[in-house]
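Thanks for coming. I have one structure to go through today, so let me put it up and then talk through a few parts of it.

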Amino acid sequence: MPVSRKYLCRCYFAALVLITLPGVIYSQDTTKILPNGTDGLLFQPRAADSTFIKKKSDLAPNEFEGTYSTFRIGLGYIGDATAYSQDKVFKQQMDSAGLNLTPGYKTRDFRVLASGRFLKLKRYVAWKFAYMYDGDKQVWMIRETGLTIGVPELKGNFFIGRTKEGFSMIKVMNGHSGITNERQMALDPIPILADGIKYFGFFPKSRLFLNLAAYSDLTSKGQGFSTYEWQFVSRAGWVPVQDKEKGTLLHIAVNLRYGKPLDDKFTIKSRPESNPTPYLINTGQFTATSANSVGGELYYENKRFSFGSEVMEHNFYSKDSGDHHFTGGDVWVSYFFTNTQRPYNTTGNVYGFVPVSKSVFKGGWGAIEMVLHASTFNLNNGSIQGGQMTRITPMVNWYLTKVLRWELTYGYGILNKYGLTGHVQFFETRIQITMM
């Protein structure tokens with residue numbers, strides 16, 4: 001299914017036309033949720049104004065008002081400390097792979113953000129810029145950057161620019177609002193970013209939501225995350241239960257993705273949900289002229305208790321070297337010991353940041369959460385024997401304040417590779433500072 005770049009450019013143009021179409025311009029509605037990008041960040045609606053901010057006291061501490069736009073600044077930092085305990089078989093596997101696991105501390109990422117919403121446009125339009133230092137690759141890179149355009153006539157918004165693809169709730173959510181210490185391994189074949197256009201909408205009467213996106217490497221080719229020439233992504237789901245008073249939620253969704261790997265080649269490699277740890281399973285490079293991914297989501301919440309699961313299969317096709325299929329998934333349960341729960345919004349149909357009613361610096365406990373996570377990813381298929389990694393992770397998330405999070409994590413890993421089964425234990429802690 002070859003798709004020309006001319007076609008993708010037309011998609012960009014069509015979205016831009018929505019801003020200026022005569023006869024369908026809608027007044028800005030500040031009573032509704034106002035997305036700051038696609039990953040769950042929001043601008044606070046202000047009941048006192050319809051287009052302009054009337055009271056500067058309504059602004060958040062990190063937000064300012066200009067003549068034509070608001071201006072919000074933010075930053076985030078994540079640092080990880082990790083140690084290991086390995087059995088003899090696992091050490092033998094590491095020797096065969098030429099890897100060495102050593103304890104240490106590592107900066108995962110440091111990011112700065114700027115965003116705002118335009119004040120004098122009748123249609124809701126917001127802008128966003130993010131710049132991040134990647135501690136793994138030791139490079140600075142542009143993160144989600146672009147325009148969010150409200151389309152109430154389509155019950156949603158368009159985002160134009162660099163963003164997360166839209167496959168899986170966990171990979172759409174802001175990385176600082178994650179439930180576990182890292183995303184599950186089976187998500188690693190999906191690029192973290194892409195350049196293109198995404199629609200995300202929610203239909204209140206039917207409780208259905210839809211995300212549709214088209215991406216191209218026209219502006220991202222050569223960057224580490226750009227592993228596809230082009231890709232189309234869809235995420236569709238149903239929220240049959242969402243009762244804020246009772247604190248209940250049921251979320252069901254499916255994900256579909258189709259694309260062309262860059263230069264007809266692909267490599268899947270995955271860390272065991274530990275950023276300082278090397279890639280333990282790896283397919284090596286193989287031929288793939290096209291690829292698709294299929295996934296499912298299930299999330300349930302009842303006040304302090306919640307659980308979730310995502311499963312997926314990644315399929316790669318080649319007439320010359322055959323087809324390959326790789327599967328994985330996870331399941332987690334969470335319980336808050338303090339009186340809080342993880343918020344969910346229907347703008348992007350993702351979880352947001354955990355609220356903290358009273359921080360530890362004001363005599364409270366903050367918010368304390370216990371999480372149990374189990375996941376697996378199998379990179380063995382046919383001629384490719386990249387290994388299978390399974391990990392069980394109990395952990396504690398302590399939200400000391402709304403900007404400070406401390407994680408205490410234990411992981412038990414099982415590696416099937418080289419015809420051997422090895423075991424490793426992870427002892428990890430993470431400090432996270434988030435002002436967004």
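**Surface, strands and one loop**

The protein exposes about 19300 Å², and carbon and sulfur atoms supply 61% of that area. Keep in mind that this is a predicted model.

Some overall figures next. The chain has 436 residues, and 52% of them count as buried. Its secondary structure comes to three helices and 26 strands. Now take the contacts between residues at least 6 apart in sequence: 64% of these join residues at least 24 apart.

Methionine 370 is in strand 23. With a relative accessibility of 33%, methionine 370 counts as partly exposed, because that class covers values between 20% and 50%.

Strand 26 covers residues 420–435, and twelve bridges join it to strand 4, residues 70–86. Those two strands run antiparallel. For a position to look at in that pairing, find tyrosine 77, which stands opposite isoleucine 433 of strand 26.

Strand 26 also pairs with strand 25, residues 404–417, again in the antiparallel sense, over 14 bridges. Here the bridge partner of tyrosine 410 is phenylalanine 427 in strand 26. What do strand 25 and strand 26 form together? They form a hairpin, with two residues between the strands.

Last, a loop. Lysine 137 is found between strand 6, residues 125–134, and strand 7, residues 139–142. Is lysine 137 buried, exposed or partly exposed? Its relative accessibility is 47%, so lysine 137 counts as partly exposed; the exposed class needs a value over 50%. In sequence, lysine 137 and glycine 224 are 87 residues apart. In space, their C-alpha atoms are 8.8 Å apart.

Terms used
Residues are numbered from 1 along each chain as its sequence is written. This is a predicted model: local features need pLDDT of at least 70, side-chain atom pairs count only at pLDDT 80 or more; totals for chains, interfaces and linings use all residues. Side-chain values use heavy atoms; hydrogens and water are left out. Two strands pair if DSSP finds at least two bridges between them. Helices (H or I, at least four residues) and strands (E, at least two) are DSSP runs, numbered from the N terminus. Buried means under 20% relative accessible area, exposed over 50%, partly exposed in between (1.4 Å probe, protein chains only). Contact means heavy atoms within 4.5 Å. Accessible areas come from the Shrake-Rupley method with a 1.4 Å probe; for residues, only the protein chains shown count as cover.
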